[in-house]
Amino acid sequence: MAWDFETDPEYQAKLDWADAFVRDEVEPLDHAWPHLQFVPLDGGRRNAIDPLKDQVRQQKLWATHLGPDLGGQGYGQLQLALLNEILGRSSWAPIVFGCQAPDTGNAEIIAHYGTPEQKKQYLQPLLDGECFSSYSMTEPQAGADPTQFTTSAVRDGDHWIINGYKYFSSNAKTASFLIVMVVTNPDVSAYKGMSMFLVPTNTPGVIIERNVGLFGEPMDGGTHALIHYDNVRVPDSALLGGEGQAFAVAQTRLGGGRIHHAMRTIGMAQKAVDMMCERVLSRETAGSRLADKQFIQGFIADSYAQLTQFRLFVLNTAWKIDKYNDYKKVRKDIATAKVIMPTVLHDIAWRAMQVHGALGVTNEMPFLTMVHGAAVMGLADGPTEVHKVTVAKQVLRDYKATDDLWPTEWIPRKEAAARAKYAEYLELEVGNL
Ligand SMILES: Cc1cc2nc3c(=O)[nH]c(=O)nc-3n(C[C@H](O)[C@H](O)[C@H](O)COP(=O)(O)OP(=O)(O)OC[C@H]3O[C@@H](n4cnc5c(N)ncnc54)[C@H](O)[C@@H]3O)c2cc1C
């Protein structure tokens, strides 16, 4: 019977290597070059980081989300999950291991839907880790509901002219190209009337109006672009997938992206647990260590329980993706992981922050960044509420209504049926009394 929670020793050795490598070589990059992960390498950063990427390649851990035909290892999602939870400790780690969002999802859809020319122009440099990409879907007036998108492309001979605004296109300012979702046929349902285009960022008419910053970042100094597509002219060959296929393309991308975020979140939450445990064992107050106070023991137990449940759920979802090789069959589980993720990270980071007292809320510790990260996880790739709706719909598919006035499990009817079924024996019992 195959029901195994052990990692095979050969891969475990790679994970052990990755764990030490991330702690010793990669986490320092977070402090040496904070917030520069998505800026193409040059000068000192290239000299420092290229050799690290080489070591990852030598270990056969580069771009493990991809199959061997695309330069990856074809390890599958479960092995990726075990690696990603190590990478989740550091913002630079996914870059050094060639598996950073949003480029992973973007590479996935180009690999899946791209023409040979598109793969050569966009996919190869992405896989080599030599360029970045941006996914341009959300609009200022609509995010969770893509049927309200208005950015459009109108055919002009063998070209298309794109007009409209896109919002929160992450990393657009350093990306080489954008994948843009636009309306190409307003006369049919949005699900059939939208298409994806590959647009180089230096195309005339691509205007970044603002680089929106997240909390704590300088005004207009962030990485989430408000883009004006102002008469952007692209050839027919810029279509990614067929005309009207944007929703199918988007689903291919978002399924993987969401579960990869969940995998990395395990690593971030584990880091918070590690910090919390160290602190409560080290700090004394009111006659004993924090670790000896029941409130604090509750923090530790709740954090361990939440993280273990989440981790097992994510690993099981990754296993199902490998088993079915079809994101649609695992939609309920991916959406559930997306729903759980912000709460797990928020709760654990918050407790870890609390046990650090005043120090916890300073910019000398990473807890508020984690709490903020949890809020982001509840929005990026779709808000929690929308994913809950998906989960509920998928769960309800396995059930049907009853025509009866009383529920199927109504006890009086069950009791009567049971009495009828075992009447002979029940009578005997009564007779013996
Ligand atoms: C850090 C970050 C990075 C991002 N990166 C990208 C990117 O690279 N590319 C991109 O295109 N987008 C990106 N986004 C945008 C993200 O996909 C949207 O924020 C998200 O889809 C929600 O859209 P919205 O912000 O317009 O909120 P809205 O759609 O206005 O929703 C606001 C709130 O309304 C509620 N709500 C919405 N719909 C429902 C519903 N059906 N039922 C119940 N409640 C509902 C939820 O509480 C939701 O949070 C990013 C967002 C963040 C925070």
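Colleague: What makes the crossing of α9 and α10 left-handed?

Modeller: The term is left-handed when the near helix is turned anticlockwise from the far one by less than a right angle, and right-handed when clockwise. The crossing of α9 and α10 falls in the left-handed class. The model is a predicted one, in which local features need pLDDT of at least 70 and side-chain atom pairs count only at pLDDT 80 or more, while totals for chains, interfaces and linings use all residues. Residue numbers start from 1 along each chain as its sequence is written.

Colleague: How are α9 and α10 oriented to each other, and why is that the word?

Modeller: Helix α9 (residues 294-324) packs on α10 at about 155°, the axes being 10 Å apart. That angle makes α9 roughly antiparallel to α10, because angles over 145 degrees count as roughly antiparallel, under 35 as roughly parallel, 65 to 115 as roughly perpendicular and the rest as oblique. Axes here are lines fitted to C-alpha atoms, for helices over the stretch in contact, and angles run from 0 to 180 degrees between N-to-C directions. Helices (H or I, at least four residues) and strands (E, at least two) are DSSP runs numbered from the N terminus.

Colleague: Which residues make the contact of α9 with α10?

Modeller: Among them are F299, F310 and F313 of α9 and I340, V344 and I348 of α10; two residues are in contact if their C-beta atoms, placed from the backbone, lie within 7 Å. This contact divides into 12 nonpolar, 3 polar and 4 charged residues. Ala, Val, Leu, Ile, Met, Phe, Trp, Tyr, Cys and Pro count as nonpolar, Asp, Glu, Lys and Arg as charged, and the others, Gly among them, as polar.

Colleague: What makes α8 and α10 roughly parallel to each other?

Modeller: The axes of α8 (residues 246-282) and α10 (residues 331-355) come within 9 Å and cross at roughly 20°, so α8 and α10 count as roughly parallel. Their crossing is left-handed, and their contact has 18 nonpolar, 3 polar and 4 charged residues.

Colleague: How do you know the orientation of α1 to α3?

Modeller: Helix α1 (residues 9-32) and helix α3 (residues 77-87) pack at about 20° with axes 9 Å apart. The pair is therefore roughly parallel. Its crossing is right-handed. In α1, Y11, L15, A18, D19 and V22 meet Q79, L82, L83, I86 and L87 in α3, giving 8 nonpolar, 1 polar and 1 charged residues.

Colleague: Into which domains is the chain divided?

Modeller: The division is into domain 1 (9-100), domain 2 (133-240) and domain 3 (248-396), with bounds from an automatic or database domain assignment. The C-alpha centres of domain 2 and domain 3 are 31 Å apart.

Colleague: Which residues are closest to the ligand?

Modeller: M137, G143, A144, S170 and P383 are the closest of the 22 residues that surround the ligand. A residue is near a molecule or strand if its C-beta atom, placed from the backbone, lies within 6 Å of it. By class, the shell has 12 nonpolar, 7 polar and 3 charged residues. Domain 2 and domain 3 each give at least three residues to the shell.

Colleague: How do you know which form the peptide bond from A101 to P102 takes?

Modeller: The bond has omega near 5° and is cis. P102 lies in the loop between α4 (93-96) and α5 (103-113).
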